[in-house]
Amino acid sequence: MPNPFRNLPSVNQLLESEPLKRMVDTVNHNVVADGVRTFLDDLRSQVANATDEIAVPTPSEIAERVAVWLEKSEQPVLRPVINGTGILLHTGLGRAPLSSESLEAVTRIGEGYASVEIDLDTGERGQRIKSVESILCELTGAEAAAVVNNNAAATMLTLAAMASGQEVVVSRGQLIEIGGSYRLPDVMECSGCRLREVGTTNKTHTSDYESAVWEETGALLKVHPSNFEVVGFTQTVSLAEMVQIGRKHGVPVIDDVGSGALVDFAKYGLADEPLVSDSVKQGADVVLFSGDKLVGGPQCGIIVGKAQYINRIVQNPLMRAMRVGKMTLAALKETLLCYRDEEVAETRVPLLKMLSVSSENLKLRAGKIADQLDHLDSIKVAEVVACHSMLGGGSVPTQKIDSWCVSIEPEEMSVDGLASALRDSDPGVMGRIHNERLMLDVRTVQPKHDIELVKLFETLS
Ligand SMILES: *Cc1c(COP(=O)(O)O)cnc(C)c1O
């Protein structure tokens with residue numbers, strides 16, 4: 001019997017072949033050589049373990065296959081995604097897309113040195129926060145501000161700085177879990193505070209807070225129940241009432257508003273999102289919110305409030321562990337500047353743009369995409385269907401926004417197969433599967449991607 005291994009090409013031979021030579025140039029010699037070795041090892045063991053004689057591929061076939069396999073494994077894990085899920089602040093997809101102005105600022109500040117902690121007026125060491133503090137105060141009415149890595153960090157740092165070793169009073173209706181790894185009782189424990197639960201799941205009264213406050217109380221904490229709603233017989237204590245109790249006993253009030261609306265979202269059909277400026281106005285000593293939820297900026301946690309508390313917070317050693325870099329500051333500043341004029345914010349901040357776009361516009365775009373997909377051999381039906389977008393990111397969970405989507409039924413492929421192939425493309429595409437159809441909500445698809453989206457479907461057929 002002829003030795004089947006004799007016909008296998010050597011590693012060097014393969015590296016000299018056209019497709020792999022190209023990859024050595026574009027990827028890296030060692031990576032490609034390792035890939036070739038692994039592929040040949042696999043092939044050898046397949047041949048050795050085969051019960052019947054198997055056809056050994058030719059050297060050029062092997063080279064082709066290694067190239068395809070390497071190309072796939074070299075595809076970046078972090079790559080752009082066309083979001084057809086209709087979830088505007090999809091945490092798995094990186095929450096808010098950034099405006100082009102923010103990205104220009106990131107490039108300008110990121111590519112060189114910048115006055116991150118130097119006051120260019122005096123040449124002296126300054127504070128990192130200065131670049132965004134004044135605009136944050138201007139927009140929220142607060143005296144001072146700080147920025148950290150995210151709102152979870154903001155909560156942990158604030159509690160550690162203001163109430164470490166003391167009790168923090170929270171209503172049982174507000175002990176939230178967000179996205180699994182954020183559970184308020186755990187965050188509180190990490191920051192060295194003792195949780196003092198008051199009230200019940202559905203009802204908490206002012207008297208519950210009143211009777212919980214004593215000399216060990218470090219703060220009263222209000223938390224926006226971002227991702228759930230209690231309906232039926234409910235009773236909550238307003239921020240103003242909490243502030244009254246706090247003032248009476250000399251205990252600060254912290255308000256974690258979560259999403260952090262800087263404009264009234266009611267006009268987009270989303271009611272009940274507390275405005276950061278209202279919290280400040282009602283007397284909260286410290287207000288916490290995310291930069292990448294309703295603000296529509298980069299991932300960060302924003303802390304605003306009374307100067308005496310913000311000073312304590314920024315002087316806590318944890319601040320250093322949670323501080324943000326120059327690129328986040330640059331993107332945040334640029335995003336915040338848009339909010340000086342609500343109309344400007346609506347045309348520049350992508351989140352607000354997606355919310356304020358007209359239904360007719362969305363229907364038209366969905367129609368154009370559907371028409372083109374409907375002509376493809378691989379697609380049985382592509383049509384426009386009314387659907388609902390959602391804010392996501394733990395914001396206003398029960399409110400749905402009317403939208404339009406392209407509903408797609410593939411010809412031969414299964415719907416799951418189509419969804420998987422689209423996720424695998426570059427950029428990846430994510431939709432929702434509903435009734436054996438793939439649904440792509442155009443509200444969250446950036447208009448500049450409409451053509452690319454159709455092209456991706458063409459390459460699948
Ligand atoms: C989302 C949210 C958080 C966590 O914010 P991240 O920026 O994701 O860390 C904390 N509290 C509330 C009320 C939230 O809605």
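I began with where the lining of the largest pocket comes from: domain 2 (81–91 + 355–459) and domain 3 (100–348) each give at least three residues. The domain bounds come from an automatic or database domain assignment. A reminder to myself: this is a predicted model, where local features need pLDDT of at least 70 and side-chain atom pairs count only at pLDDT 80 or more, while totals for chains, interfaces and linings use all residues. Residues are numbered from 1 along each chain as its sequence is written, and side-chain values use heavy atoms, with hydrogens and water left out.

**Largest pocket**

I noted a volume of about 1000 Å³ for the largest pocket. A pocket here is an open set of points on a 1 Å grid over the protein atoms alone, where a 1.4 Å probe fits, with protein on both sides within 12 Å along at least five of seven lines; lining residues have an atom within 4 Å of a point. The volume is the space filled by probe spheres set on the points, which are joined across faces, edges and corners.

I found 37 lining residues, with V81, P97, L98, Q446 and H449 nearest the centre. Elements giving two or more residues to this lining are β1 (81–83), α5 (100–110), α15 (342–348), α16 (350–356) and α17 (359–374). Helices (H or I, at least four residues) and strands (E, at least two) are DSSP runs, numbered from the N terminus.

**Second largest pocket**

Next I looked up the second largest pocket, at about 770 Å³. Its lining has 37 residues, and K222, H224, P225, T236 and D272 lie nearest the centre. The largest share, 4 residues, comes from β14. This lining, too, draws at least three residues from each of domain 2 and domain 3.

Is S403 buried or exposed? S403 is buried at 3% relative accessible area, where buried means under 20%, exposed over 50% and partly exposed in between (1.4 Å probe, protein chains only). Its side chain makes a polar contact with the side chain of D441 at 2.7 Å. Such a contact is a pair of N or O atoms within 3.5 Å; within protein, one must be able to donate a hydrogen and the other to accept it, and residues adjacent in sequence count only if both atoms are side-chain atoms.

Last, I checked G393, in the loop between β13 (379–392) and β14. G393 counts as buried at 11% relative accessibility.
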